[in-house]
There are 2 protein chains.
Amino acid sequence: MSDANRRDAEFGCQIRKSPFFAATERHGCTGYSVYNHMYIPRSFGDPEANFWHLVNDAILCDVSVERQVEITGPDAARFVQMLTPRDLSSCEVGQCKYVFITSAEGGIINDPVLLRLGENHFWLSLADSDVLLWAKGVQIHSRLDVSIREPDVSPLQLQGPRSRDIMCALFGDWVQDLRYYRFVEFELDGIPLVISRTGWSSELGYEIFLRDSARGDALWQRIMAVGEPLGLHVGHTSTIRRIEGGMLSYVTDMTIENNPFEMGWERLVDLDMSADFIGKAALKAIRNAGVRRRFVGMEIGGAPLAHPNGQHWPVRVGEKVIGKITSAVYSPRLEKNIALGVLDIAHCEVGTQAKAETAYGQLQVTVVPKPFFDPAKAIATS
Amino acid sequence: MSDANRRDAEFGCQIRKSPFFAATERHGCTGYSVYNHMYIPRSFGDPEANFWHLVNDAILCDVSVERQVEITGPDAARFVQMLTPRDLSSCEVGQCKYVFITSAEGGIINDPVLLRLGENHFWLSLADSDVLLWAKGVQIHSRLDVSIREPDVSPLQLQGPRSRDIMCALFGDWVQDLRYYRFVEFELDGIPLVISRTGWSSELGYEIFLRDSARGDALWQRIMAVGEPLGLHVGHTSTIRRIEGGMLSYVTDMTIENNPFEMGWERLVDLDMSADFIGKAALKAIRNAGVRRRFVGMEIGGAPLAHPNGQHWPVRVGEKVIGKITSAVYSPRLEKNIALGVLDIAHCEVGTQAKAETAYGQLQVTVVPKPFFDPAKAIATS
């Protein structure tokens, strides 16, 4: 009891606990990080075991830290379009879109998944920044009639090749027909949910958005009871797999100092649509001038990295710093060190050779295509 | 080296390290929390020792997590006034003000210390929320000509009764004359600083704002070299002392769901000034209707709490929940358990008896005046 209270006090009241916190504690979570003012499980002891569970079977991950910003009201569709450079005119109710939220300068404020729950009802499922404050700030002088709040919604991710079978066993065979980046509203044992075919793993997978935080433990237990016999493991988002997939991690790989063009996401910037959005003029200017740096994939030579990078690692050609590695890890599947980072435009061609100043000494770096691993099943686009 | 790299990897790249991170590591920091996307030292082993260092001698605390939002440009003064209900018309260059940042609904977005560096040059020294995004969002349709950014500024706190002598030894006797909530710009060994008589401790104290993150270790070492013989200890913000002082901790004690009136800070809301600010109409309505709950001090019966609360603890009268304890700790100086929290207006009179559901069982609660401890030296107001 005394130890439990000490541990409780160490977690404190400053950082929120997820509705699945008790469940991940029971399952032996050994390390948390903090994201959107909330704890996220980041280790159950062995990141490679978690990776193999994800790519061979399926894992259940507490991603409640993906907080939602809910935007409703008569002008909601207009308001949401104002927040993002992606053309949303074709976005249907029941559809998700991966979008950037940009500043007036074209800087990336967040890269959420947008869910359209109704003609004028949206969620932004967030990366790590207070978009609630951004959106409420933008509203102040906008003269648009919208309500903006954080609803009681906490997502789980169920990801991996066996996820479809598990989801069908849990929710019904209709999950077979759920297309990539589509969602449905659903109730399980009276627990209100949104179920989407989305995720942050580069594998086949789903997200289950809990809409009543009081039911977290009940939902978790139900999912594990059905899923475990079908190959479901308790897990956490996999650094190895997401770097293999070339997926962006906000803050780690990019900040408000970066723009969508240099991150390689021209596809999500529709400068020619008639609707106005925040950052349009700045992004036009950036497109016309061309970017100064690019987000690229790299291979790192030397022995397998014992651990992912804990700092950004400078990359040099000769004496000149040409950029930095933002994410680096050893992939046990590819049997090499893989990395993501941002390099000067003059040095970002595939095949470029450089040196990285790493925690393991100076290592050889080669620019390579990304993603590093791209199974057919993960190619679907939305 | 392998262990160092593992530790480095556990800290990761998602959460920023302060310019004083290496220094606090060397001094044996045993626990960090996360605040404004950055690590903050929260323990060097014994919170009571840290408390006594603070109230008897002086402590140096890394509070780089108090990130700054810098607002400049021809309309900066007008813009900053728009962000806060406190009348800033009397705020001089070189003066600080404790302010609330409020939403259109009158909710508290942050409670920073404002520093006026020039007629149209301000810093907001933040509590734990992305006010950079809030302010940049507000700017979008404001038609005001301002620049808003996070400058390279990282504060230290030097707090405690011996802080003045240490500051004089470090910077010169002029510090004697630095009034409460005033600051000066200063250079030490070519390191650019802002030095203010502010802090989050309820003790005599100063903040030293480092304006060049590359110089963090040099500044830290210089301060400790001069300060240690004069009684300076490495420390961290003291939960015990700040609860004794009745100081608010954003997120822990209040969120955007709370307004300044219920937190007891009518003094910082100037509804009758001519200038408009965000939340004015909502706050007028709240004032006229009266608040539904109040932030109060409480004593908790029973044995000394072994640890601070790790959850909000519900407070009941009979079966009815009348509010919650947000912050609770045993004060070794007062030799009792003291707490802060929010109670229904009908149950917040001094002397009210209630029960709290705590990690240590059901305990008797009595509403008492706050602050719990208020030495003359800490009474100065600004």
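Which strands of chain B does helix 6 (residues 163-171) lie across? In this predicted model, helix 6 of chain B lies across strand 3, strand 11, strand 12, strand 13, strand 14 and strand 15 of chain B.

Six strands form an open sheet with mixed pairing, in the order 12-13-14-11-3-15 (chain B). Strand 12 (183-188) and strand 15 (232-235) of chain B are its edges, each pairing on one side only. From one strand to the next, the twist averages 25°. Within the sheet, strand 13 (residues 191-196) and strand 14 (residues 205-210) of chain B pair in the antiparallel sense over four bridges. There, I195(B) stands opposite I208(B) in strand 14 of chain B.

Helix 3 of chain B also packs on the sheet, touching strand 3 (58-62), strand 11 (154-159) and strand 15 of chain B.

| Helix of chain B | Angle to a strand of chain B |
|---|---|
| Helix 3 (residues 47-56) | about 140° with strand 15 |
| Helix 6 (residues 163-171) | about 125° to strand 11 |

**Where the chains meet**

The contact takes 42 residues from chain B and 42 residues from chain A. On the side of chain B that touches chain A, two or more residues each come from helix 1 (2-11), strand 1 (31-35) and helix 5 (131-139) of chain B. Helix 1 of chain B gives the largest share, seven residues. By class, this side of chain B has 17 nonpolar, 19 polar and six charged residues.

**How the copies are related**

Chain B is superposed on chain A by a rotation of 180° with 0.0 Å of shift along its axis (RMSD 0.0 Å). That is the relation of a two-fold axis. The same surface serves both copies, with 100% of the contact residues of chain B recurring in chain A.

Definitions and conventions:
Residues are numbered from 1 along each chain as its sequence is written. Chains are lettered from A and ligands numbered from 1 in the order in which they are written. This is a predicted model: local features need pLDDT of at least 70, side-chain atom pairs count only at pLDDT 80 or more; totals for chains, interfaces and linings use all residues. Two residues are in contact if their C-beta atoms, placed from the backbone, lie within 7 Å. Ala, Val, Leu, Ile, Met, Phe, Trp, Tyr, Cys and Pro count as nonpolar, Asp, Glu, Lys and Arg as charged, and the others, Gly among them, as polar. Copies are superposed by least squares on the C-alpha atoms of residues with pLDDT of at least 70 in both. Two strands pair if DSSP finds at least two bridges between them. Axes are lines fitted to C-alpha atoms, for helices over the stretch in contact, and angles run from 0 to 180 degrees between N-to-C directions.
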